[in-house]
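Student: I am new to reading models of this kind, and I would like to learn how to go from a general idea to a particular case. Could we take it step by step?

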There are 2 protein chains.
Amino acid sequence: MAKIEPKILKGFRDFLPVKEIERKRIISILEQKFESFGFVPIDTPVLEYTEVLLGKGGGETDKQVYRFNDNGGRDVSMRFDLTVPFARYMAKNRSDLHLPFKRYHINKVWRGENTQRGRYREFMQCDFDIVGIDSPSADFEILMMMRDSMTALKVSDVTVHFSHRGIFNRLLGKLDIAKNSVEILRIVDKLAKIGEDEVIRLLAELTTEDNAREIVEFIKPAGSSLETLEKMETAAGGADEDSERLRTVFGYIKENEMEDFFKLDPSITRGLDYYTGIVYETFLNELPGIGSVCSGGRYNNLANLYTKEELPGVGASIGLDRLIAALEELGRSSDKKSFTDLLILAMDEKLFGHYHKLSSVFRKAGINCEVYHMKKKINAQFKFAEAKSIPYALVCGEEEFDKGVVNLKDLTERENWNDLTLEEAIGKVKALISK
Amino acid sequence: MAKIEPKILKGFRDFLPVKEIERKRIISILEQKFESFGFVPIDTPVLEYTEVLLGKGGGETDKQVYRFNDNGGRDVSMRFDLTVPFARYMAKNRSDLHLPFKRYHINKVWRGENTQRGRYREFMQCDFDIVGIDSPSADFEILMMMRDSMTALKVSDVTVHFSHRGIFNRLLGKLDIAKNSVEILRIVDKLAKIGEDEVIRLLAELTTEDNAREIVEFIKPAGSSLETLEKMETAAGGADEDSERLRTVFGYIKENEMEDFFKLDPSITRGLDYYTGIVYETFLNELPGIGSVCSGGRYNNLANLYTKEELPGVGASIGLDRLIAALEELGRSSDKKSFTDLLILAMDEKLFGHYHKLSSVFRKAGINCEVYHMKKKINAQFKFAEAKSIPYALVCGEEEFDKGVVNLKDLTERENWNDLTLEEAIGKVKALISK
């Protein structure tokens, strides 16, 4: 029979064990961190009604969506982010949820993007939000959790750049160009990429050159975060609720001795137009070129597509694929190949039942243990151990079985311990793996 | 603006925190168990080329597949199980994998099934396989891991029914009806549902009534597993490699004192025609009606659609949704609502920075802790704690702050400990939660 080529779609990936173990390790660290802050996990369907995901409009994202008619003729789409399904989820399950609601969601999303820029069509998102409360304490908790999550992943040399969309909007109002805010935000967002002159040129196409210069002046940080805040306030026409919010959050940052991690940076505006309050982006100082690894902000109305109830919230999203790539580049990934501590070598065909009995005893003692499943040349068995990075092996042939003992081998150091009782062997392996 | 109804597709589910926490708890227990046996995780894409998933034929499953043309005009499908993608994965990544390869894969699959029978269109599968080796030790390891997985989930009152497809096939050969084996297997598989008489009637449509009676006689267990084995051997025409394999595996079962969990049951044939060796199904003795919660067997050629290399293997699949439902019915589910141990109450607007500082100290001590994010009436804050089942609260108003102390509340027992230093409070909470 002609064989089918086992190919996969462009932009999609198989995860070999080393990569999947590492991805799961990172996700598990993040989950524990989120849970320690009171966040709980949720899940939503991968497929939803297209109308629910895309609303009635047709934006830029829509073209990238995997959309089709199912066998029942329903117009359905695969989720392209975790925010829209979360908004739908809040509206649908509102009566079962107590506010403020703190959830995290780590799962795959799909976008038929151009893969040439190193992007994937199937990738992981990691979102966390506090919904149903509008307070500086909630804004700050997201910031703190972003910092702590990065530290837990051993990338503590990060800077979280933050600002406030309300103050920026007030400046635009003062300049009488609030109606162009979406375009202006999109241009300002490109500052790092295209440079100041080009930003001024593009802005001047929308407004006067004076206004363009004032906007560019506004988005430049001053010396310290507090000086920057004063400069922003002045430019926007004096203190108000929004600048007070920033001042309060910055006070919490100082009180928690976290100033080293945070920088008030008015150039951070986040292109997405649903943000209304504080906004943030996180950069790895060791790899600034890769862009923000964790971004988010405050919005005043999460689910207005689906419900009249106003659900203000604040949250952020970790770019998991980017972060995993960064950890690898920084040499801070684990390259664990398996979880096995001990391989029981197949020495004698008659002893397999005994080998499994031994494996059970080791596992009960907390030692991950597997039996080599066939009596093959010892070198083949060592190669298996090497392929899985198994550090220790247990040898029990007919002679050892008759004497009621086992031999232990350190496969890396090539050290041997012979004629151990089972208890001695367990103690030895435990001591070795806890080192 | 008119609102969009936040509805979800039939057969798809939102997971509220309690359900998602429980699902993750169960998955985590299984993962740890699998890893302790040397299994490693992999992942594959949700979308694949339709030809890769469905081959060139068009079977019963095909109609249930979510299949469409993507924006690039490719004929793609969402995976409907984890076996076919695994076969494709083995063929594609063969040079990066060392045999025997032991993998597990726990993830969602999609089938447009009739939802009336309580089935979902989006559900979880949990597969584990040992590929690249054909030995009784590998057959036995899968059995042992099935038993241990159930025990880890506190459903130890299970019986794994096992048999061997080869012996059944030999009987069919002897009766000269091997060419009808697929239909015969499908009928025999229904024994528990439709009863012996109906099975004989249906079989007699395919062969003689004598043969039908001989088949039904064959699939009845004798007294003990060994007696059953002898009866099977005789019926099939004497001992051979296949019956010896069963005898060896049963020897391992005895040597590992696991006879109570295993029953040789010749009626187990598994309808799927790719099984060639040992086959198994697992029933909860407390809930026999729900059917098998873990089934599998040995196949001699996993990836023959994609490669000439023969990849024999043995594996099983846990029906995760069914198992979770069973645990719930047996009252053995956790109804954990959050992971938070301690809520820091919002007593004073000026102290939020301090509250976050305290929360950090508690978290560093291993106590999951969150701050209530707004100064509201104390009853609203208690309701929040109740909704998340948070057992303890910390009170620090202006007075306590000035004295450098905190008060602790047991929210369930309504006990209070006042004027504690921070160290005392940490010690107290740790002692309480470790109880």
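Tutor: Let us begin with a definition: a residue is called buried if 20 or more other C-beta atoms lie within 10 Å of its own, exposed if 12 or fewer do, and partly exposed in between. Please keep in mind throughout that this is a predicted model.

Student: Is D321(B) buried, exposed or partly exposed, and how many other C-beta atoms lie within 10 Å?

Tutor: There are 18 other C-beta atoms within 10 Å of D321(B), so this residue is partly exposed. D321(B) belongs to helix α12 of chain B, which runs over residues 320–329.

Student: Which residues is D321(B) in contact with, leaving aside its neighbours within four places in sequence?

Tutor: Residues count as being in contact if their C-beta atoms lie within 7 Å. For D321(B), once its neighbours within four places in sequence are set aside, the contacts are Y120(B), F123(B) and M124(B). Between D321(B) and M124(B) there are 6.6 Å in space, C-alpha to C-alpha, although they are 197 residues apart in sequence.

Student: How far apart in space are D157(A) and K350(A)?

Tutor: D157(A) and K350(A) are 193 residues apart in sequence, and their C-alpha atoms are 57 Å apart in space. D157(A) sits in the loop between α4 (136–152) and β7 (158–164) of chain A, and it is partly exposed, because 15 other C-beta atoms lie within 10 Å. Beyond its neighbours within four places in sequence, D157(A) is in contact with L284(A), N285(A) and E286(A).

Student: How should I read a helix, and which residues of α16(B) are buried?

Tutor: An α-helix has 3.6 residues a turn, so residues three or four places apart point the same way. In α16(B), the buried residues are A425(B), I426(B) and V429(B). They cover an arc of only 100° around the axis, which puts them on the same side of α16(B). E423(B) and A431(B), on the other side of α16(B), are exposed. The buried residues of this helix pack against β12 (342–344), α13 (352–364), β14 (392–395), β15 (406–410) and β16 (415–420) of chain B.

Student: What span should helix α16 of chain B have, at 1.5 Å a residue?

Tutor: The 12 residues of α16 (residues 422–433) of chain B should span 16 Å at 1.5 Å a residue, and the end C-alpha atoms are 17 Å apart, which agrees.

Student: How many residues of helix α3 of chain A are buried?

Tutor: In helix α3 (residues 83–92) of chain A, 10 of its 10 residues are buried, and the helix is mostly covered. Among them are F86(A), R88(A) and Y89(A). The buried residues of α3(A) pack against β2 (47–49), α2 (50–54), β5 (101–110) and β6 (122–131) of chain A.

Student: What can the backbone angles tell me, and is the peptide bond from L99(A) to P100(A) cis or trans?

Tutor: That peptide bond is cis, with omega near -10°, and P100(A) lies in the loop between α3 and β5 of chain A. In chain B, the bond from L99(B) to P100(B) is cis, with omega near -10°. Another angle to look at is phi, which for E257(A) is near 50°, a positive value in a residue other than glycine. E257(A) is placed in the loop between α11 (241–255) and β8 (262–264) of chain A, and it counts as exposed because it has 10 C-beta neighbours inside 10 Å.

Student: How many residues of chain A are in contact with chain B?

Tutor: The contact involves 82 residues of chain A and 83 residues of chain B. Helix α13 (residues 352–364) of chain A gives the largest share of the side of chain A that touches chain B, with 7 residues. That side divides into 39 nonpolar, 21 polar and 22 charged residues. Since 100% of the interface residues of chain A are also interface residues in chain B, the copies meet through the same surface.

How values were computed: Residues numbered from 1 in each chain as written. Chains lettered and ligands numbered in written order. Predicted model: local features only at pLDDT ≥ 70, side-chain atom pairs only at ≥ 80, totals over all residues. Contact = placed C-beta atoms within 7 Å. Helix = DSSP H or I, 4+ residues; strand = E, 2+ residues; numbered from the N terminus. Expected span 1.5 Å × (residues − 1). Arc of directions from axis to C-beta. Nonpolar A, V, L, I, M, F, W, Y, C, P; charged D, E, K, R; others polar.
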